[in-house]
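Thanks for asking me to look this one over.

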Amino acid sequence: RDFTIAIDGPAASGKSSTARAVAQELGFGYIDSGSIYRCATLLALRNNIASDIDKHWPELIDLIGKTGVEIKIQPNSNRSLSVVAAKTGRLVVPSVQILLDGEDVSNDIRTPEVNRLVAKVASDGGVRSAVLNIQRSLAANADTKATETQGNGKDPHVIPGGVVMDGRDVGTTVFPNAELKIYLDASAMARAIRRWDEMNSQLKNKQTEEAARKQENKADTSVPVEYPSVEDIARELEQRDYADINRQHSPLRIAPDAVVIDNTNLTFEQQVYSITDLARE
Ligand code: C5P
């Protein structure tokens, strides 16, 4: 691996979609480190050790070590985002699948239950070491290749293979020697509204699927989901950020050599291309 891009920042600052777009644009591998902490949290919930987790850290650490985590970025097309965008007029962010021992847990790791518990799970030093091993091994085995890119109307440019990893401590702890470090931030309100929008569009998709199922006269087995208000989401993000900033082991910090990007008033395209431009420099 020749080039590592670390993207850190508070909850819902747009790290994941930005990192995916940057990875696709540069032909890099992508690793969502929050999803690994979320998988660890799901393991605690499924093994009924979540309610008194403080008594069960060794058990959880053992489970993390035994379980395979895979992160698959889709579509795995070789075309850079900007080439697609030039045709369609907009950036289409590739989706990501998270597999836990081969099972697709992409939805199961984003429930309110996991949201509430994940910062607590991530505060344990033993859990962090176990996750660090997974982060580094996923990065070492990431599917990366040197690519010739033509992004942003610039001259074709050959950049080496690499990996983009997003999280809270990637530039400070996981890869302190990363070639490019970004700290992505946005106002608390902007972050809460974006997350709320995201949840509402998921709810709409669910409703459309359910309506289609009813039309086909298939039994509706889905459980109605209650979506929180913007205020609820803002409170949840604030609590998670507080826990992430104030924990003892590798707390959320801006690395001294990180480029800080506040995207409150940036378009998605502007922030993605500002990062790919920095990578190409
Ligand atoms: O990025 P995401 O919101 O999915 O992360 C979930 C949680 O995982 C964070 O709130 C944080 O507690 C933890 N995390 C971490 N270090 C990372 C990535 C995530 O502690 N590098």
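1. Asn48 is exposed, since 9 other C-beta atoms lie within 10 Å. On this scale a residue is buried if 20 or more other C-beta atoms lie within 10 Å of its own, exposed if 12 or fewer, and partly exposed in between, with C-beta atoms placed from the backbone. Asn48 sits in the loop between H2 and helix H3 (57-66), and its phi is near 55°, a positive value in a residue other than glycine. Most residues other than glycine have a negative phi. Helices here are DSSP runs of H or I with at least four residues, strands are E runs of at least two, and both are numbered from the N terminus.

2. Before going further, a word on the source. This is a predicted model, in which local features need pLDDT of at least 70, side-chain atom pairs count only at pLDDT 80 or more, and totals for chains, interfaces and linings use all residues. Residues are numbered from 1 along each chain as its sequence is written.

3. Asp101 also deserves a look: it has a positive phi of about 45° although it is not a glycine. Asp101 lies in the loop between E4 and E5 and is exposed, with 12 other C-beta atoms within 10 Å.

4. Two strands pair if DSSP finds at least two bridges between them. Strand E4 (residues 95-100) and E5 are joined in the antiparallel sense over 2 bridges, and Leu100 has Glu103 in E5 as its bridge partner.

5. What is the sense of the pairing between E1 and strand E8 (residues 162-167)? The two run parallel, joined by 6 bridges, and Ile7 has Asp166 in E8 as its bridge partner. E1 also runs parallel to strand E9 (residues 180-185), through 4 bridges, with Ala6 opposite Lys181 in E9. Strand E1 (residues 3-8) is mostly covered, as 5 of its 6 residues are buried.

6. Which residues come nearest the ligand? Of the 14 residues around the ligand, they are Gly34, Tyr37, Ala122, Gly167 and Arg168. Helix H2 (33-46), helix H5 (112-121) and helix H9 (230-246) are the elements that give two or more residues to this shell. A residue counts as near a molecule if its C-beta atom, placed from the backbone, lies within 6 Å of it. H2 supplies the largest share, 4 residues.

7. By class, the shell around the ligand holds 6 nonpolar, 3 polar and 5 charged residues. For this count, Ala, Val, Leu, Ile, Met, Phe, Trp, Tyr, Cys and Pro are nonpolar, Asp, Glu, Lys and Arg are charged, and the others, Gly among them, are polar.

8. Ile233, Arg240, Asp241 and Asp244 are buried in H9. They cover an arc of only 100° around the axis, so they lie on the same side of H9; the arc is that of the directions from the helix axis to the C-beta atoms. Glu231 and Asn246 are exposed on the other side of H9. The buried residues of H9 pack against H5 and helix H8 (188-215), where contact means C-beta atoms, placed from the backbone, within 7 Å.

9. The length of H9 checks out too: at 1.5 Å a residue its 17 residues should span 24 Å, and its end C-alpha atoms are 24 Å apart, which agrees. The expected span is 1.5 Å times one less than the number of residues. Helix H10 (residues 268-280), with 13 residues, reaches 19 Å from its first C-alpha to its last, close to the 18 Å expected. Its buried residues are Gln271, Val272, Tyr273, Ile275, Thr276 and Ala279.

10. Ala21, in helix H1 (residues 15-26), is buried, with 27 other C-beta atoms within 10 Å. The C-alpha atoms of Ala21 and Phe268 are separated by 9.5 Å, though the two residues are 247 residues apart along the chain.

11. Finally, the overall picture. The protein chain has 10 helices and 10 strands, and 39% of its 281 residues count as buried. Among contacts between residues at least 6 apart in sequence, 80% join residues at least 24 apart.

Methods: Two residues are in contact if their C-beta atoms, placed from the backbone, lie within 7 Å.
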